[in-house]
Amino acid sequence: MDALTYLFSSWIQPDLLFLTALGAFAGIYIGAIPGLSVTMAVSILISFTFSWEVNPALALMNGIFMGGVYGGSRTAILLNIPGAPAAIATSLDGYPMAKKGEAGQAIGLSTVMSFIGGLVGIVVLAIAAPTISEFAIKFQPRDYMLIAVMGILLVGALSGESLAKGVFAGAFGILLGTVGLDPMTAEQRFTFGSVSLMNGISSIALMIGMFGVSEALLQIHHLNAQAVKQKIDRIVPLWGDIKRHLSLTLQSSGIGVIIGALPGTGGDIAALMAYDHAKRITKNPEVPFGQGAKEGLIAPESANNAAVGGAYIPMLTLGIPGDAVTAVIIGALFIHGLNPGPLLLLEKPDMFWFTVGNLVLADIFMLIFGLTGIRIFTKIIECPKAVLFPLILLLSVVGAYSINNSVADVWWMLGFGVFGYFMKLYGYQVAPVILGIILSRLMDDNWRRAIISERESLPDFALGILTSPLSATLLGIIVFVLFTQTRWWKRRFGAAPTSVDAIKSN
Amino acid sequence: MQEQPTTRRPGEVVFTLILLIGSLFLLWQAYGISGFSALSSAGAFPMAMSAVMVVSLAIILSNTLRKPAPAAVLERLRAEILPATVVVFCGLILVYSLILDWLGFIPASFLFLLASITFLQGGRFKRAFGLSVLSIICVYVVFRLVFQVVLPEGLIPERAIIAWVQSLFSAGI
């Protein structure tokens, strides 16, 4: 009974209802405007919601997350510019549909399928998370360490230019997380005698810099890119279309949840995998893939929204974020005094059921706003870039300042912003840095606990891993991920079909 | 996975070298925390991570050096890595964060918006002025009044003004 009350608390409290709606609405536009990303929005927003209660803050972020993952599809369909990385696969068939005058149909179909995908993700979250967290209580410290390593490696391996760059970015993030006083022995680490460094580097300043400032600086390169406008016809999709593709939608949602639930991997990879899956199982598409096949639109759109629910699973059960956005949200939970991990569900079941119910609500609002307001939409995405980027930077500066009311955090943010800009230009990903700084404490603590319980003996530690089925499996996955990056594997099996180029050339 | 470019990007070797030198410095610093005293010491984990950084950068450097150098480095550096727009814009942000504390949020942000919008759209001062005023009002209402974020006050006694307006309303009631 209690669970039911928590589940619907955001549905009946007007302020939470409003914030979720506002989040979903804003999320759609943030996702749709190229250059603005959900990660950027959520990381800037965190600093503004410090003084709030945890539920309103979560309601707003859940709404933005859900709406934003969907919103990217709009510009992918209308302008052939994916508004967010998760919509890259959507543009492959969505834009050809729009060119044929079926933009409205494409938007309608992607909205409904995103809604169904989102719902599947949340249902899996509600069912799987309690079971996983019961199981996770039995995890050894070394297992936590291995899962964290796996998460960082997966992001590094799948999204970057090369594994070495991903590994560097991850290790750099973890190292940044160790700056300050050691929580166990109070020894100073990388403080260089400075008092302000003793509390460590603010992970929020780092996130705003890496996701906000660096992205805005990169986008200034394309200030004058002109978009081609499309006409929009009827937007509510045909019932027959939905029914015919329901099986594919559910399969793609399944892929989405699983990829989303893997620590570190999110909607972008899920969407590309689902697109590849749709191509393989659709034997006779009405329209060939790449030329406006509905299947090629449905699969990535349902998968990327299903990945949202999936990404919350490791975050709420293990304290390990499922993707970059949940890495930011986990930062927000820490600030609000919550400690995500297996005990969260036992100690604070209200938080869990609130999140589940609120995500469903965000999904519904996404459907409503997705199927309406298309006129305002075309106006808003025409917002001049010369105003947009200065505004993003202004909000980034204000956001960083408001963390501790100090200009020092603004300096950190700017420094990491410029550094992130160079990293992106030279083919490094910034997501592993963020995952690293979030997971640093967990890895350091668990490493030390694990090695102390083995009396400082490395052979005993290795034996412990190899003799425990769970640890051995996790180690196996890590070795496998590393192995798939070797030249031999790539020559033998080809590169994984996770890039647009790879898919296009298939 | 992104496609690897066939030639080096301009400045790539320098960037990798800077990262490598930085990582070696951090490794030395990590060693200084507690040396090789124990596997569970405060310095062991940072040392392992900085060692991973050094090794991965060494691999990246060797891969980068194997690719042919790009042609017309300086021109491409200016066009692809550091276009004038980005450099000037960075300068504007720097000035903004320097004057923020002293001048206060409203005037500093207004000047920043005015300068950067004028610069990015290449002139049209009147339009930039209007857009800056509009933006600053929106940001102020949303973040200061609705979200109650504390912003640097600086020269304008903004809190006193808000209190005065509130007292006017409460007196009216």
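**The two chains and their details**

Of the 506 residues in chain A, 63% count as buried, where buried means under 20% relative accessible area, exposed means over 50%, and partly exposed lies in between (1.4 Å probe, protein chains only). The model is a predicted one, in which local features need pLDDT of at least 70 and side-chain atom pairs count only at pLDDT 80 or more, while totals for chains, interfaces and linings use all residues. Residues are numbered from 1 along each chain as its sequence is written, chains are lettered from A and ligands numbered from 1 in the order in which they are written, and side-chain values use heavy atoms, with hydrogens and water left out.

The secondary structure of chain A consists of 25 helices and two strands. Here helices (H or I, at least four residues) and strands (E, at least two) are DSSP runs, numbered from the N terminus. A compact globule of 506 residues would have a radius of gyration near 23 Å, and the 22 Å of chain A agrees with this; the radius is taken over C-alpha atoms, and the globule rule is 2.2 Å times the number of residues to the power 0.38. Along its principal axes, the C-alpha trace of chain A spans about 70 × 55 × 50 Å. Among the contacts in chain A with a separation of 6 or more, 79% join residues 24 or more positions apart, a contact being heavy atoms within 4.5 Å. The accessible surface of chain A is about 18400 Å², and 65% of it belongs to carbon and sulfur atoms; such areas come from the Shrake-Rupley method with a 1.4 Å probe, and for residues only the protein chains shown count as cover.

Chain B has seven helices and zero strands, so that its elements, read from the N terminus, run α-α-α-α-α-α-α. For its 173 residues a compact globule would have a radius of gyration near 16 Å, but the value for chain B is 25 Å. Its C-alpha atoms fill a box of roughly 75 × 50 × 30 Å along the principal axes. Buried residues make up 42% of chain B, and residues 24 or more positions apart account for 58% of its contacts with a separation of 6 or more. Chain B exposes about 9300 Å², of which carbon and sulfur atoms supply 74%.

Helix H4 of chain B covers residues 84-103, and its 20 residues should span 28 Å at 1.5 Å a residue; the end C-alpha atoms are 27 Å apart, which agrees. The expected span of a helix is 1.5 Å times one less than its number of residues. Buried residues in H4(B) include B:Val86, B:Phe89, B:Leu92, B:Ile93 and B:Tyr96. What covers the buried residues of this helix includes H10, helix H19 (385-404) and helix H20 (407-425) of chain A, together with helix H5 (105-120) of chain B. After H4(B) comes B:Gly104, with a positive phi near 95°.

H10(A), one of the helices that cover H4(B), can be examined in the same way.

A:Ala164 touches B:Ser56, B:Ile59 and B:Ile60, not counting residues up to four places away in sequence. With 13% relative accessibility, A:Ala164 counts as buried.

Two residues in the loop between helix H21 (431-453) and helix H22 (458-467) of chain A deserve attention. Most residues other than glycine have a negative phi. A:Arg455, in this loop, has a positive phi of about 55° although it is not a glycine. A:Glu456, also placed between H21 and H22, has a positive phi near 60°. A:Arg455 counts as exposed because its relative accessibility is 63%, whereas A:Glu456, at 31%, counts as partly exposed.

Cysteines complete the account. The structure holds zero disulfides over all chains, a disulfide being a pair of cysteine sulfur atoms within 2.5 Å. B:Cys90 is partly exposed at 23% relative accessibility, and B:Cys138 is partly exposed at 45%.
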